[in-house]
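Trainee: Could you take me closely through one part of this model, with the cut-offs behind each term?

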Amino acid sequence: MRRIDLIVIHCTASRPDQHLTLGMLDQMHKARGWKCCGYHYYITRDGQLHFGRPEEMVGAHARHYNAHSIGICYEGGLDEKGRAADTRTPAQKQALLTLLVSLKQDYPDAEIVGHCELEGVHKACPSFPVSELRVQMKQLWEKRIHKAAEDLSE
Ligand SMILES: [Zn+2]
């Protein structure tokens, strides 16, 4: 297994009227000369989780960081006018959180970051502050610890 210490969140940077299936993403990335979709997970607007590259395979989503990271992408990230915007649907937010909880179980030391937080990246991707997600994850974690302690004391 490769060492994973980063989970990087991306958006497709597409407008609300554009629908991108995993197949289309796959084609776009192949056109760039990649083997297949560069992300490991893709979440469409309907909240559906699609499997891109297997986790053991190095991704193609964050230059200089691919070797030890997992790449997650959600469909959207631009408003009608093409400006960066958090367009995540409630279903997408839920799917993202569920996926992150599961990944954190497999890679407890992995840090969750937005693409734009990586050094040298000058993009708005993923169009929302991932720090919010980190807070949410921390709260979920504390709730779980709390629950476990309660169960033990019963
Ligand atoms: Zn990105």
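**Strand S1 and its surroundings**

Mentor: Four bridges join strand S1 to strand S5 (residues 111-114), and the two run parallel; strands here are DSSP E runs of at least two residues, helices are H or I runs of at least four, and both are numbered from the N terminus, while two strands pair if DSSP finds at least two bridges between them. The model is predicted, so local features need pLDDT of at least 70 and side-chain atom pairs count only at pLDDT 80 or more, whereas totals for chains, interfaces and linings use all residues. Residues are numbered from 1 along each chain as its sequence is written. Within the pairing with S5, Val-8 has Val-113 as its bridge partner. S1, which comprises residues 6-11, is also joined by six bridges to strand S4 (residues 69-74), again in parallel, and there Ile-9 stands opposite Ile-72.

Five of the six residues of S1 are buried, where buried requires 20 or more other C-beta atoms within 10 Å of the residue's own, exposed 12 or fewer, and partly exposed lies in between, with C-beta atoms placed from the backbone. In soluble globular proteins, nonpolar side chains tend to be buried together.
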